[in-house]
Amino acid sequence: MSRSNPAKRKAPTYGRQVLGSLLAAVLIVALTIFAVTAAIGPGPDARELRELQEQQEERHEDRSGNSGG
Amino acid sequence: MEDFADGLSRGNLAQVKTVLASIVLALTVYQVGLMAIGYGKVRVPFLKPKAASFTHRAVGDTIVAITLLVAFMCITYFEVEDGIEHAADDEHVRAAVHVVAGSLLLTVIALKVVVVRWWQRLERLLPSLGLTVFALFAITWVTSAGDYLLGE
């Protein structure tokens, strides 16, 4: 009863290989996210976005002022 | 739907699509390696063919899910014809190639899933289908995410 089945004894090796290869996939995903986000770079922050919006509004007002006058 | 896709990426649709498409491309390269081991073309001491095939199936399911999400974002936001029509003057060919490659990719992936799960008589076609999927992923990435990352 104490002796384990040979098939059962082999299973952990196979399971470890699957786990290892899945972990390699997770590592690939992490490295890709790191590399691509680094290449894209940071986007504008909230302050920059607000400035851009204000500039757009000013330009829009100037245009409508010129066409109206 | 357009707003939903935009909200899903919090207004960074192009960037999110670029990251997801790049993840998928990196995983497809890994998938080709796994199946080279799975079919016994490459032998490594630390990974048996059966384990490589099992991981290939699990990673493949993940790739299909991410690909469907990217396709959903792409189609709902840009739409098929609008993507080509609204492309910049020198970008029409790139956009057209992207649309054709992306559509073919979804078709071949669907065929591959059908063969793997239900149409096992055609199992001998799986290596060709797999390499076709890989090539279409590469073309789709080069004409979208690759252009976004390298073209600036």
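**Close-up views of a predicted two-chain model**

**View 1. The largest nonpolar core of this predicted model.** This core holds 22 residues. Those with the most contacts inside it are B:L20, B:A21, B:V24, B:L27 and B:F137. Helix 3 of chain B gives the largest share, seven residues. In soluble globular proteins, nonpolar side chains tend to be buried together.

**View 2. B:L20 and its contacts.** B:L20 is among the residues with the most contacts inside the largest nonpolar core. Which residues does B:L20 contact, leaving aside its neighbours within four places in sequence? They are B:I66, B:L69 and B:V70.

**View 3. A second, separate core.** Six residues form this core. Among them are B:L34, B:I37, B:L47 and B:A51.

**View 4. B:M73 in helix 3 of chain B.** Helix 3 spans residues 49-78, and B:M73 is found in it. Is B:M73 buried or exposed? B:M73 counts as buried because it has 21 C-beta neighbours inside 10 Å, and the cut-off for a buried residue is 20 or more. Now look from B:M73 to B:S128. In sequence, these two residues are 55 residues apart. In space, they are 28 Å apart, C-alpha to C-alpha.

**View 5. Where chain A touches chain B.** On chain A, 15 residues are in contact with chain B. On chain B, 20 residues take part in these contacts. What classes of residue make up the side of chain A that touches chain B? Ten are nonpolar and five are polar. For the complex, the predictor gives an ipTM of 0.83 and a pTM of 0.77.

**View 6. The helices of chain B.** Chain B has seven helices and zero strands. From the N terminus on, its elements run α-α-α-α-α-α-α. The chain has 152 residues, and buried residues make up 30% of them. Take the contacts in chain B with a separation of 6 or more: 67% of them join residues 24 or more positions apart. The mean pLDDT of chain B is 86. A pLDDT of 70 or more is reached by 85% of its residues.

Methods. Residues are numbered from 1 along each chain as its sequence is written. Chains are lettered from A and ligands numbered from 1 in the order in which they are written. This is a predicted model: local features need pLDDT of at least 70, side-chain atom pairs count only at pLDDT 80 or more; totals for chains, interfaces and linings use all residues. Two residues are in contact if their C-beta atoms, placed from the backbone, lie within 7 Å. Ala, Val, Leu, Ile, Met, Phe, Trp, Tyr, Cys and Pro count as nonpolar, Asp, Glu, Lys and Arg as charged, and the others, Gly among them, as polar. Helices (H or I, at least four residues) and strands (E, at least two) are DSSP runs, numbered from the N terminus. A residue is buried if 20 or more other C-beta atoms lie within 10 Å of its own, exposed if 12 or fewer, and partly exposed in between; C-beta atoms are placed from the backbone. pLDDT is the predictor's confidence in each residue, from 0 to 100. A nonpolar core is a set of buried Ala, Val, Leu, Ile, Met, Phe, Trp, Tyr and Cys residues joined through C-beta atoms within 7 Å.
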